[in-house]
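Dear colleague,

I am passing on the structure we spoke about, and my notes on it follow below. Please read them with the model open beside you.

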Amino acid sequence: MFVACRSLQAVSKVVPSTVSGIQRRLLASMSSANKFDLPDRYRGSEKSVWVEYIQLAQETQPLNLGQGFPDFAAPEHVTKALAEVCTGENVLMNQYTRGFGHLRLVKALSQLYSKLIGRTINPATEVLVTAGAYEALFSTIMGHTGPGDEVIIIEPFFDCYEPMVRAAGGIPKFIPLKLVKPSGSGPVSSGDWKLDVDELSSMFNSKTKSIILNTPHNPIGKVFTQEELTVIADLCKKWNVLCISDEVYEWLVYKPYKHIRIATLPGMWDRTITIGSAGKTFSVTGWKTGWAYGPANLLKNVMTVHQNCVYTCTTPVQEAVARGFELEMSRMDSPECYFYSLAEELLPKRELMAKFLSDVGMVPTIPEGGYFMIADWSPLANKVDLSQEVDKYRDYKFTKWMSKNIKLQGIPPSAFYSEPNKPLIEDYVRYCFIKKDENLHKAAEILQKWKGSN
Ligand SMILES: Cc1ncc(COP(=O)(O)O)c(C=O)c1O
């Protein structure tokens, strides 16, 4: 195309009167096609599982257990706070607020995390409020990745990590969690998915800039143990590497498991940026409010990206989230505290889903945290006809076939793997269980009916 443009331009210079209007328009459209192509740094990131599966759900109208959000009400004190803030007497609550985070919210976050991390966190320099954890990830990755920097990503991974690293000019280096329990040897727990320590150690080198950790993990539900985190921390210290710790599901941990913040491990505060989400904490994913906290020297870069991109987040939402935190912090010793009560509420939902998936013949991985469950559907392979599905990977074919024919939607987990490793997870599907009981029971009925019809 470039050659064609050049020759048309040459013609127009030599014999301008002979170039027709059509040729001129063709010339213009050809050169603008090149000019407005997607920049190279975003090549390969055009496809999004969320865009594709939201569209699929609109077309096929399934019971949707795909995307990770609750279909029940958020805590009333938080939603009421937002309504009051917007309509209250302080009209400035509807205007711009401090760019790095509304004062009341950064104060609440510093108070909370000072207690949890065991050190005083400065609200002005060590906390940044962002447009969801998504933006915290973006600003952290952009602010700490240069061309050629290697970033270790544990697979499966929340799907935006890879394109963000690539857009920053970094080189993602993938290491998959491996299921260490042999098939057919009883129920599988997310703790059975492990990092190979030797493989992980071999990935660190002088070019390694950072590692992205996600605990509790989406989609496996793994809650990294003290021992596992110590291995990661020791490697970070040995190779002078930053740890970007995505902890959006920090409160969604099922007893007896405990969420450990890697920033609390010896020597790790100085090299960790931790990311959280009000959407996940208070079941208000549509509020898209998140944060990053860490030492001022590391957070400075993140703030620079934020100030040149989003600059400031929504004032009333931040005020309402701050009030929500203040209330929950005042009752952290009580089981009523939402930080704990949500996981208690979700536990029976987790059990229900594990049961109905097992009953139909799938092999679920029981999550220690988060609100997703992956399940091996390969025992049902003879009950599906995937011959008409055109996707490359079997998990895409299976989930699409299920949405169209059985009217139950899940997410293909190969979306959370790098291209070479996608085949590792083709036999799995991811479902979300932060849904009303009635919808989980409907899912159980749909699957039972399907089982009976075979
Ligand atoms: C692991 C993980 N990180 C980050 C996010 C983004 O969170 P937010 O909605 O606050 O942007 C999600 C959302 O699903 C997630 O699962």
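A residue is called buried here if 20 or more other C-beta atoms lie within 10 Å of its own, exposed if 12 or fewer do, and partly exposed in between, with the C-beta atoms placed from the backbone. Please bear in mind that this is a predicted model, in which local features need pLDDT of at least 70 and side-chain atom pairs count only at pLDDT 80 or more, while totals for chains, interfaces and linings use all residues. Residues are numbered from 1 along each chain as its sequence is written. Helices (H or I, at least four residues) and strands (E, at least two) are DSSP runs, numbered from the N terminus.

Gln61, in the loop between α3 (49-60) and β1 (63-64), has a positive phi of about 50°, and because 11 C-beta neighbours fall inside 10 Å, Gln61 counts as exposed. Lys407, in the loop between α14 (394-406) and β14 (408-409), has a positive phi near 65° and is partly exposed, with 17 other C-beta atoms within 10 Å.

There are also cis peptide bonds to check. One joins Glu155 and Pro156, with omega about -5°, and Pro156 lies in the loop between β3 (150-155) and α7 (161-167). Another runs from Thr215 to Pro216, with omega near -15°, and Pro216 sits in the loop between β8 and α9.

Turning to helix α9 (residues 226-239), its buried residues are Glu228, Leu229, Ile232, Ala233 and Cys236. They cover an arc of only 130° around the axis (taken from the directions from the helix axis to the C-beta atoms), which puts them on the same side of α9. The face turned away from that buried side carries the exposed residues Gln226, Glu227 and Lys238. After α9 comes Asn240, whose phi is positive, near 55°.

As for the strands, which pair if DSSP finds at least two bridges between them, β13 (residues 372-376) is largely enclosed by the rest of the structure, because four of its five residues are buried. Strand β12 (residues 363-366) runs antiparallel to β13 and is joined to it by two bridges, with Val363 partnered by Asp376. The hairpin that β12 and β13 form has five residues between the strands, and Gly370 in its turn has a positive phi of about 75°. β13 also pairs in the antiparallel sense with β15 (residues 428-432), over five bridges, and there Met373 stands opposite Tyr431.

With best regards
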